[in-house]
Amino acid sequence: MPTPKPLIAGNWKMNGLRASKGEFEAMIAGATPELVGRADILVCPPVTLLTLFADFAAGSPVSVGAQDTHTETFGAYTGFLSAEMLADAGASAVIVGHSERRAILDETDAMVHAKTLAAWRAGLAAIICVGETRAERDAGTAVSVVERQLAHSVPDGATDDRLVIAYEPIWAIGTGLTPTSADIEYMHGHIRDLLVARFGVEGRGMRILYGGSLKPSNAKEILAIPNVDGGLIGGASLKAADFLAIASAVPAR
Ligand code: PEP
């Protein structure tokens with residue numbers, strides 16, 4: 001079975017105003033047939049820009065996604081957004097269980113599981129984030145932490161077109177630090193084994209992204225690691241030049 005087509009996904013977090021549309025337009029302009037032949041390109045702006053960016057991206061190979069969803073379809077949930085609303089605004093995917101939400105809002109694996117089901121209900125792909133803290137890595141429990149997160153966050157019935165896993169060691173996010181290539185290879189290989197054990201052949205086609213201080217200078221090395229099927233990129237996704245340079249580093253398969 002061929003390896004999955006890589007995905008380069010940008011997470012803009014709480015960054016970006018309407019004035020940032022030039023960066024997004026530059027990303028669309030830079031998404032050449034050669035580049036999108038190697039990797040799918042997704043940008044997840046703040047929700048205030050979702051419709052604007054979706055309109056810009058219409059007819060281009062660049063997709064837009066959201067950074068979180070509520071679990072319900074609609075109702076008295078002030079300030080929240082349903083997966084149906086995100087799809088209606090033009091999203092094709094949503095990030096769930098990002099470590100910042102797990103840490104700041106105490107999001108549990110059970111909540112991530114429910115949000116993933118909500119994403120699927122609305123026809124969105126779910127990008128489920130997992131990853132250990134520095135203390136967990138130092139204690140030698142990184143693998144068991146990720147195993148537990150996957151077991152409890154990923155619902156049954158996952159398919160390779162609607163589930164993406166992002167392995168993001170929390171200590172690598174926004175710090176400039178990255179694990180060794182050997183550590184990334186080991187963790188991604190282990191996640192692949194778990195997905196195949198649970199979902200059979202579908203698990204082989206599921207994309208496992210690496211996230212955490214991915215940048216133009218380290219992208220070539222990291223994106224060439226077996227079972228690294230692209231990246232989830234925070235800081236370096238805000239500038240078209242950096243984001244496109246990372247996408248260009250995806251090896252031709
Ligand atoms: C992230 O928060 O998903 C992330 C990978 O951030 P950064 O690339 O800035 O480390």
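A crossing of two helices is called left-handed if the near helix is turned anticlockwise from the far one by less than a right angle, and right-handed if clockwise. The model is predicted: local features need pLDDT of at least 70 and side-chain atom pairs count only at pLDDT 80 or more, while totals for chains, interfaces and linings use all residues. Residues are numbered from 1 along each chain as its sequence is written, and side-chain values use heavy atoms, leaving out hydrogens and water.

**View 1. Helices H8 and H9 cross in a right-handed way.** Helices (H or I, at least four residues) and strands (E, at least two residues) are DSSP runs, numbered from the N terminus. H8 and H9 pack at an angle of about 35°, and their axes are 11 Å apart. Axes here are lines fitted to C-alpha atoms, for helices over the stretch in contact, and angles run from 0 to 180 degrees between N-to-C directions. On the H8 side, Ala142, Val143, Val146, Glu147, Leu150 and Ala151 meet residues of H9, namely Tyr186, Met187, His190, Ile191, Leu194 and Arg198. To meet, or be in contact, is to have heavy atoms within 4.5 Å.

**View 2. Helix H8 has a buried face.** Start with its length: H8 runs over residues 142–153, and at 1.5 Å a residue these 12 residues should span 16 Å, which agrees with end C-alpha atoms 16 Å apart. The expected span is 1.5 Å times one less than the number of residues. Ala142, Val145, Val146, Gln149, Leu150 and Ser153 are the buried residues of H8. Buried means under 20% relative accessible area, exposed over 50%, and partly exposed in between (1.4 Å probe, protein chains only). Looking down the axis of H8, you find these buried residues within an arc of 130°, so they line one face of the helix. The arc is taken from the directions from the helix axis to the C-beta atoms.

**View 3. Eight strands close into a barrel.** From one strand to the next, the twist averages 25°. Two strands count as paired if DSSP finds at least two bridges between them. Strand E4 (residues 93–96) runs parallel to E5 and is joined to E5 by four bridges. Look for Val96, which stands opposite Ile128 in E5. H8 packs on the sheet, where H8 touches E5 and E6, and its direction makes about 150° with that of E5. H6 lies across E4, E5 and E6 and runs at about 160° to E5.

**View 4. Strand E2 is largely enclosed.** Four of the five residues of E2 (residues 40–44) are buried, so the rest of the structure largely encloses this strand. Strand E1 (residues 7–11) runs parallel to E2 and is joined to E2 by five bridges. In that pair, Asn11 stands opposite Cys44 in E2. Strand E3 (residues 62–66) is also parallel to E2, with three bridges between them. Here Leu42 stands opposite Ser63 in E3.

**View 5. Helix H11 has a buried side and an exposed face.** In H11 (residues 216–223), the buried residues are Asn218, Ala219, Ile222 and Leu223. Down the axis of H11, they fall within an arc of 120°, so they line one face of the helix. Turned away from that side are the exposed residues Ser217, Lys220 and Glu221. Among the elements covering the buried residues of H11 are E1, H9 and helix H12 (240–248).

View 6. Most residues other than glycine have a negative phi. At 59% relative accessibility, Asp106 counts as exposed. Asn227 is partly exposed, at a relative accessible area of 27%.

**View 7. Ser20 is a buried loop residue.** Find Ser20 in the loop between E1 and helix H1 (21–30). Its relative accessibility is 17%, so Ser20 counts as buried. Leaving aside residues up to four places away in sequence, Ser20 touches Trp12 and Phe53.
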